Amino acid sequence: FGGLNGGETMKMVRLALSVLITLHLILLAHYSTYASANVKEAETMQQVESAFNEIVNLWYDQKFDELYDRFVYKEKGKISKGKFINRMIKEKKKLACCWHKVQDVKIKIYSSGKAEVKAKFGFEDQSNETTYVATEIPFYLKHETWRVKVKDMLDTAPDAPKYKTKKHTKK
């Protein structure tokens, strides 16, 4: 500040300080937004994981009527609760116990209303031999609850008849 007098020097220092403070506040606001987004994503992942565990436990405990209530789009009548329960009961292989039940769980959040769980399910037959099925199950947030489609659940079960959708053609 060699050629400036005392008053001009103070103005320059104040200007430099106000620029630095403004930049600092902008960085703090940006960091807070970033941290808030990370906290929100972590909360969403926890909610999806909790919903996944609840669904797996209902399946393992063979509480198929309660499991049916965790589906999205059931109101369209693609498969009735009774048909779903019958399909699940007829499975020759049941979810395995303990650590064989589910392994390698990975959760990916796509948006505030859609996520995907990749996992390896263990199924036991009557001889207690365990077979593993790797699958990806989409989850959808409906009415503040993470839910799955009945088709995705039936497709995961190794012996259940696969879910077939009817094609509607215009006449």
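## Close-ups of a predicted model

**View A. Aspartate 69, with a relative accessible area of 37%, is partly exposed.** That label covers everything between buried (under 20% relative accessible area) and exposed (over 50%), using a 1.4 Å probe and protein chains only. Before zooming in further: this is a predicted model, so local features need pLDDT of at least 70 and side-chain atom pairs count only at pLDDT 80 or more, while totals for chains, interfaces and linings use all residues. Residues are numbered from 1 along each chain as its sequence is written, and side-chain values use heavy atoms, with hydrogens and water left out. Aspartate 69 pairs up with lysine 81 in a salt bridge, and their closest N and O atoms sit 3.5 Å apart. Since aspartate 69 is in the loop between α2 and β1 and lysine 81 is in helix α3, the bridge ties together parts that are 12 residues apart in sequence. Lysine 81 is partly exposed too, at 32% relative accessibility. A salt bridge here is a side-chain nitrogen of Lys or Arg within 4 Å of a carboxyl oxygen of Asp or Glu. Helices (H or I, at least four residues) and strands (E, at least two) are DSSP runs, counted from the N terminus.

**View B. Glutamate 54 and arginine 70 make a salt bridge, 2.7 Å between the closest N and O atoms.** Distant parts of the chain get linked here: glutamate 54 belongs to helix α1 and arginine 70 to the loop between α2 and β1 (71-72), 16 residues apart. The two partners sit in rather different surroundings. Glutamate 54 is partly exposed at 40% relative accessible area, whereas arginine 70, at 9%, counts as buried. In total, the structure has five salt bridges.

**View C. Strands β3 (residues 102-111) and β4 (residues 114-124) run antiparallel, joined by seven bridges.** Strands count as paired once DSSP finds at least two bridges between them. The turn from β3 to β4 is a hairpin that gets by with two residues. Along the pair, glutamine 103 faces lysine 120 of β4. Lysine 120 also has a charged partner, with its side chain meeting that of aspartate 104 in a salt bridge (3.6 Å, N to O). Aspartate 104 is in strand β3 and lysine 120 in strand β4, so this pair connects parts 16 residues apart in sequence. Both ends are partly exposed: aspartate 104 at 48% relative accessibility and lysine 120 at a relative accessible area of 25%.

**View D. The largest nonpolar core gathers 29 residues.** Such a core is a set of buried Ala, Val, Leu, Ile, Met, Phe, Trp, Tyr and Cys residues joined through side-chain atoms within 4.5 Å. Look for Trp59, Leu67, Phe71, Phe84, Phe121, Phe139 and Met153, the residues with the most contacts inside it. At least two core residues each come from α1 (6-60), α2 (64-68), α3 (81-89), β4, β5 (130-142), β6 (145-149) and α4 (150-156). In soluble globular proteins, nonpolar side chains tend to be buried together.

View E. Most residues other than glycine have a negative phi. From glutamate 144 to glycine 113 is 9.4 Å, C-alpha to C-alpha, though they are 31 residues apart in sequence.

**View F. Lysine 93 is a buried lysine, at 19% relative accessibility.** Lysine 93 belongs to the loop between α3 and β2 (94-95). Its side chain makes a polar contact with the side chain of threonine 131, at 3.3 Å. Polar contacts are pairs of N or O atoms within 3.5 Å; within protein, one must be able to donate a hydrogen and the other to accept it, and residues adjacent in sequence count only if both atoms are side-chain atoms.

**View G. Over residues 163-171, pLDDT stays under 50.** pLDDT is the predictor's confidence in each residue, from 0 to 100. The model has seven contacts beyond four places in sequence for this stretch, a contact being heavy atoms within 4.5 Å. Where pLDDT is low, the predicted coordinates should not be read in detail. For the protein chain, the average pLDDT is 82, and 83% of the residues score at least 70.
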